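Subject: Structure for your review

Dear colleague,

My findings follow directly after it.

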Amino acid sequence: MLWENPKDAIITLMILLMVIGCVNVFSASFVRAEAMTGNPYHFLVRYLGYAAAGGLVFCVTAFQVNYKRLMSPRFYMVVAGITIVLLAATLGIGTVVNGSRRWIYIGGFSLQASELAKVSVILMAASFLGDRLQRGLRVSLLGYPSNQALIISLVFAALIFLQPDMGTATIVFALMLGMYVLAGIPKMQILSLGGLGVLICALAMMAPYRRARIFLWWDPWQDPQGGGYQMTQSLMAIGSGGLTGLPWGQGSSKFFFLPEAHTDFAFAIFCQEWGYIGALFLIACFVIMAWAMVTIAMNAKDRRGYMLVAGATLFLIGQAAANMAMVTGLFPVIGVPLMFISYGGTSLIANMFTLGLVVAVYRNESARETMEERIAAGLPPTEENRLRVVSSNRNRRPFE
């Protein structure tokens, strides 16, 4: 194996993906940056600034925070309250871009509250559902208080929908539903969710304009200059890269042919300049990261830690898969960034914070195992073991 443990794999891959992201963001954005600001390095410099802030957040979270101290009713409600306030503030004072009010600008930097809402969903689900699992309580979509976290996530989704951003609203609510499924809701509820999804799709197809959108997604070439323009340009960018890609920086799609080339469709530019081999390498990085995160989740003895890492995997790897599927035409366009490869400040910091929590869970579980091994060998636990494993449980009130 290349790494001794999944923690090292996650840290190494995160750094590697960020290096690739810096190269790709600059290549995909320098034409647009030059036209907008006169500085071709504009988006690269901002990416590096957000990366530095995210790196600080990651290090503090991964190596200083005991994640169990976050798993309390008080913290859970504080996270929910702050997220609702930020989402409501976005509707009131946010800046309108492309017809949607999604960003709050503070001192030249932007804050996208909907990206923070995704992290809030993971924290709430891990705290609330993990605590119920830890105490052997029933988890269900029906009946209060079991569905308390689901109701709060529905409030998040409603506020995001009003921006309007239906894609992100759907992701936020679906992420919480996925956390409930991972927590072990009854099989009949899972089947009911599947049936509800089929019904919603059938109702959506009844409207002629929605049917037209679906058919256009299946075959964007029927209107390459209209509704199918973005997807046809994305597919042309990917196809033109061939096996090994065009010379770096010389992909033509960034020259105002492909909309959102440095954000949601950054993967298309990457494929154009690095080819299918580069795309496979990038996919392999995400697959290995997914393996590392699943390994940590499955070895977590604390149910709150399990839910936290499982939710992080669903969020990060799920979004990466959704973005690549969207860019290649397998999914409709839903506005999902590609982790570390797409430009997006709030998203970058949120991703690094989430990975920091995963590493924090691994460190806590490793400390627990080390303490148990010392006790089994007849040796006293070290002070570091004791502080990490025991002190975090003091004065913790369970959810009712």
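Phe26 has a relative accessibility of 16%, which is under the 20% cut-off, so Phe26 counts as buried. Please note that this value, like the others here, comes from a predicted model. Tyr41, by contrast, is partly exposed, its relative accessible area being 46%.

Aromatic pairs were searched for across the whole structure, and nine were found. One of them joins Phe26 and Tyr41: the ring centres are 5.2 Å apart and the planes stand at 10°, so this pair is stacked. Phe26 belongs to helix 1 (residues 6-37), while Tyr41 sits in the loop between helix 1 and helix 2 (42-64); the pair therefore ties together parts that are 15 residues apart in sequence. Ring pairs also link these two residues with Phe30 and Trp248 into a cluster.

A second topic is the packing of two helices. Helix 10 (residues 266-299) packs against helix 11 (residues 303-327) at an angle of about 165°, and their axes are 10 Å apart. Because angles over 145 degrees count as roughly antiparallel, helix 10 and helix 11 are described as roughly antiparallel to each other. Their crossing is left-handed.

In the contact, the residues from helix 10 include Phe267, Ile283, Phe286, Met289 and Met293. Those from helix 11 include Tyr306, Val309, Thr313, Leu316 and Asn323. By class, the contact of helix 10 with helix 11 comprises 20 nonpolar and two polar residues, with no charged residues.

Yours sincerely

Notes. Residues numbered from 1 in each chain as written. Predicted model: local features only at pLDDT ≥ 70, side-chain atom pairs only at ≥ 80, totals over all residues. Heavy atoms only, no water. Axes fitted to C-alpha atoms, helices over the stretch in contact; angles between N-to-C directions. Helix = DSSP H or I, 4+ residues; strand = E, 2+ residues; numbered from the N terminus. Parallel < 35°, antiparallel > 145°, perpendicular 65-115°, else oblique. Left-handed = near helix turned anticlockwise from the far one by under 90°. Contact = heavy atoms within 4.5 Å. Nonpolar A, V, L, I, M, F, W, Y, C, P; charged D, E, K, R; others polar. Phe/Tyr/Trp six-rings, centres within 6.5 Å; stacked < 30°, edge-to-face > 60°. Buried < 20%, exposed > 50% of the residue type's maximum accessible area, 1.4 Å probe, protein only.
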